[in-house]
Amino acid sequence: LPQAVCLGESMAVLLPEQPGPLDAVGGFRSAVGGAESNTACVLAGLGVPSAWISRVGADGFGRRLTGELAARGVDVSAVAVDPHRPTGLYVKETGGSAHPHDLGAGRSRLHYYRAGSAASALSPELLADPAAARLIGAARLLHLSGITPALSDSCLALVRALLALPRNGRTVSFDLNWRPALWRDRDPALLRNLLDAADVVLLGADEAEAALGTGDPGELRALLPRPRSLVVKQDAHVATALDRDGTVTVQPALRVEVVEPTGAGDAFAGGYLAGLLHGLDQRGRLRLGHLAAACALTSPGDQGRAPDAASAEALLAATEA
Ligand code: KDG
């Protein structure tokens with residue numbers, strides 16, 4: 001049975017064939033994306049048997065999603081197919097054209113078409129689903145993100161129910177993944193209690209500043225006293241882990257040429273959490289997080305190829321000074 005379970009919506013993705021505003025783009029290439037399933041792929045790539053739990057539509061995009069994740073070694077046995085609601089979609093816009101409405105070189109924006117999607121109907125009923133309950137019950141790690149509670153009232157209720165489950169030795173990790181566009185109808189202040197109910201919290205200083213009012217690691221630790229570990233990624237150069245016992249571990253990131261940043265945070269989470277499950281100390285976990293993020297940063301699209309377990313081990317040993 002999988003050791004890690006990642007739960008949340010994934011979507012079909014349309015990637016523009018050239019930069020510019022959507023009205024000026026001639027064509028799109030289809031792909032798949034989704035924060036928690038990106039993390040599941042990285043975990044699987046690093047040798048952690050992993051599952052992704054979600055819902056998809058009874059459509060081609062849904063088949064593509066489950067097919068691609070299964071091909072990357074992720075267990076999709078508990079992904080439900082909704083006969084009526086569609087698979088969610090997002091369209092990516094990238095900057096760098098001469099068009100007057102261009103976002104600006106190096107900038108990108110996700111346009112979501114996901115209201116009423118199959119995954120937005122996730123609810124606490126999931127806990128009564130035998131396939132999902134079996135996976136969650138056996139997992140050593142349950143990974144959630146701050147995207148899911150923004151999707152619908154039933155999704156928020158599910159996240160609350162999952163955080164309230166007896167742990168039985170399981171770690172619950174929570175990646176803030178602040179998406180302001182999804183929070184127009186809901187108060188993001190509720191994120192603080194959700195984060196504080198997890199065991200391991202991952203967040204970027206910038207997004208924490210926007211969602212919680214501070215990006216300062218010490219202030220965040222005071223704001224979120226309950227998690228065992230708080231991992232703060234600061235301006236892409238350094239990550240700091242603050243443990244509940246007061247231990248602080250600071251680890252600089254790898255220097256890489258950024259090709260496409262989407263998915264780097266999900267990859268960082270996958271690397272860090274793989275390190276946790278492999279029994280690495282805090283520094284080793286942060287390093288593996290940086291390494292997985294570097295792979296995502298240097299490849300186009302959402303899903304960087306994670307280093308396989310053997311090359312990750314070799315790279316980690318090589319940087320062990
Ligand atoms: O982290 C990358 C994600 O933002 C992308 O895959 C889409 O899951 C997604 C979301 O909800 O923004």
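Trainee: What should I know before we start?
Mentor: This is a predicted model, in which local features need pLDDT of at least 70 and side-chain atom pairs count only at pLDDT 80 or more, while totals for chains, interfaces and linings use all residues. Residues are numbered from 1 along each chain as its sequence is written, and side-chain values use heavy atoms, with hydrogens and water left out.

Trainee: Why is Trp183 called buried?
Mentor: Buried means under 20% relative accessible area, exposed means over 50%, and partly exposed is in between, with a 1.4 Å probe and protein chains only. Trp183 has a relative accessible area of 5%, so the residue is buried. Trp178, at 16% relative accessibility, counts as buried too.

Trainee: What makes Trp178 and Trp183 a stacked aromatic pair?
Mentor: Rings of Phe, Tyr and Trp (its six-membered ring) pair if their centres lie within 6.5 Å; planes under 30 degrees apart count as stacked, over 60 as edge-to-face and the rest as tilted. For Trp178 and Trp183 the values are 6.2 Å centre to centre and 25 degrees between the planes, hence a stacked pair. The structure holds three aromatic pairs.

Trainee: What are the values for Phe268 and Tyr272?
Mentor: They form a stacked pair, with 6.4 Å centre to centre and 15 degrees between the planes. Both lie in helix 9 (residues 264-277), four residues apart, about one turn of the helix. Helices (H or I, at least four residues) and strands (E, at least two) are DSSP runs, numbered from the N terminus. An α-helix has 3.6 residues a turn, so residues three or four places apart point the same way.

Trainee: Are Phe268 and Tyr272 buried or exposed?
Mentor: Phe268 is buried, with a relative accessible area of 3%, and Tyr272 counts as buried at 0% relative accessibility.

Trainee: How do you know that the buried residues of helix 3 are on the same side?
Mentor: The buried residues of helix 3 (residues 130-138) are Ala132, Leu135 and Ile136. They cover an arc of only 95 degrees around the axis, which puts them on the same side of helix 3. That arc is taken from the directions from the helix axis to the C-beta atoms. On the other side of helix 3, Pro130, Arg134 and Gly137 are exposed.

Trainee: What covers the buried residues of helix 3?
Mentor: The cover includes strand 1 (4-7), strand 4 (50-53) and helix 5 (153-164). Ile53 is in contact (heavy atoms within 4.5 Å) with Ala132, Leu135 and Ile136, among others, leaving aside its neighbours within four places in sequence.

Trainee: What makes a group of residues a nonpolar core?
Mentor: A nonpolar core is a set of buried Ala, Val, Leu, Ile, Met, Phe, Trp, Tyr and Cys residues joined through side-chain atoms within 4.5 Å. The largest one has 47 residues, and those with the most contacts inside it are Ile53, Leu144, Leu163 and Leu203. Helix 5 gives the largest share of this core, six residues. Apart from it lies another core, of 38 residues, among them Ala239, Phe268, Tyr272 and Leu288.

Trainee: Why is strand 13 described as largely enclosed?
Mentor: Five of the six residues of strand 13 (residues 238-243) are buried, so the strand is largely enclosed by the rest of the structure. Likewise, 10 of the 11 residues of helix 1 (residues 35-45) are buried, so helix 1 is largely enclosed by the rest of the structure.

Trainee: How do you know that strand 12 and strand 13 pair?
Mentor: Two strands pair if DSSP finds at least two bridges between them. Strand 12 (residues 229-234) and strand 13 pair in the antiparallel sense over six bridges; Ala239 in strand 13 is the bridge partner of Lys233. Strand 13 and strand 14 (residues 248-252) also pair in the antiparallel sense, over five bridges, and Val248 in strand 14 is the bridge partner of Leu242.

Trainee: What makes Arg114 count as sitting over the ring of Tyr112?
Mentor: A charge sits over a ring if NZ of Lys or CZ of Arg is within 6 Å of the ring centre and within 35 degrees of the ring normal. The charged end of Arg114 sits over the ring of Tyr112, 4.6 Å from its centre.

Trainee: Why does Asn168 count as exposed?
Mentor: Asn168 has 71% relative accessibility, so the residue counts as exposed. The place of Asn168 is in the loop between helix 5 and strand 10 (171-175).
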